[in-house]
Amino acid sequence: MKLFYYQRRDLAPNFGDELNNWLWPKLLPGSFDDDGSTLFVGTGTLLNSLLLERTKAAQRLIIFSTGAGYEQPLQQIPSHWQIACVRGPLSAAVLALPTRSAIADGGILVNRCFTPTGEKTSEYGFIPHIHHATYAAPDWKQICESLGIRYIDPRGPVEQVLESISQVKTLLAEAMHGAIVADALRVPWLPIITSPRILRFKWQDWCAAMELPYQPQVVSPLATYPRYGCGVRSGVRSAAHWRDCWQQSGRLLSPQKISQRLTQIMAQSQPSLSKDAVLEQRLEKLEYALLRLSSRF
């Protein structure tokens, strides 16, 4: 069985995607090889029409905690797909699956696989969306340094990012898997939006699974961002969608203005964190689903 996840071509790796390559071999040791006849599709917003093309050579797909959201929705679920669970109730609804199929994003299973080694060294950390890290890392580093915030680059090695998140008391998160990992490690988090790149649907999907509201803090884009980001495509992120979102997000701001806005957010906003009982229940359901899967390999 081969692990399948989104890999950025000719670009730096993305923490949320690379987490798959770190997490699943720990949870399913000895299960993965280079046999592409069976694919294990884990965390990521991959349940869309493109997945059919990307996996057309496979004879069997195992879907585990994956989400819907980008591109065109699937018209029907192929017969060779085995859906163990999906990210949240919105993904289940899009695919016309029963509510019980929605558990949570598998990223929360880092709770079972990662033990922080360091103490809390920063009051706040910030992890940007991968595209914003790609295009504006120098500005974000400058902003974070000016405010005493730990900058966490989503392009870094998985364990380095995990350790960095575990060492902050509150995480400002644009990268959704930054928030997911923070929640799993019991680090309160604040969702941030700084451009139309952020897909609210997938955040709402995961937050609903964790019985949390999604209440992001909106910050106007940095002047160094590309106007519509990279790779405008059809479906959810259509050109019209991007144009409308960009108009709503306001004028471009300098790093100094962004710093002022973040200071306001940190002073006035209440971080999110799922209840211990909810997290534990979701973890147990994911573990049970994995156990059932492994008995069929």
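Counting disulfides (pairs of cysteine sulfur atoms within 2.5 Å) gives zero here. This is a predicted model, where local features need pLDDT of at least 70 and side-chain atom pairs count only at pLDDT 80 or more, while totals for chains, interfaces and linings use all residues. Residues are numbered from 1 along each chain as its sequence is written, and side-chain values use heavy atoms, leaving out hydrogens and water.

**Cysteines**
- Cys113 is in no disulfide, and the nearest cysteine sulfur, that of Cys85, lies 15 Å away.
- With a relative accessible area of 23%, Cys113 is partly exposed (buried means under 20% relative accessible area, exposed over 50%, partly exposed in between, using a 1.4 Å probe and protein chains only).
- For Cys207, the closest cysteine sulfur is in Cys85 at 17 Å, too far for a bond.
- Cys207 is buried, at 1% relative accessibility.

**Aromatic pairs**
- The structure holds nine aromatic pairs (rings of Phe, Tyr and Trp, the last by its six-membered ring, with centres within 6.5 Å; planes under 30 degrees apart are stacked, over 60 edge-to-face and the rest tilted).
- Trp189 and Trp203 form a tilted pair, with 6.2 Å between centres and 45° between planes.
- Trp189 is buried at 0% relative accessible area, and Trp203 is buried at 1%.
- Ring pairs also join Trp24, Phe32, Phe40 and Phe64 into a cluster.
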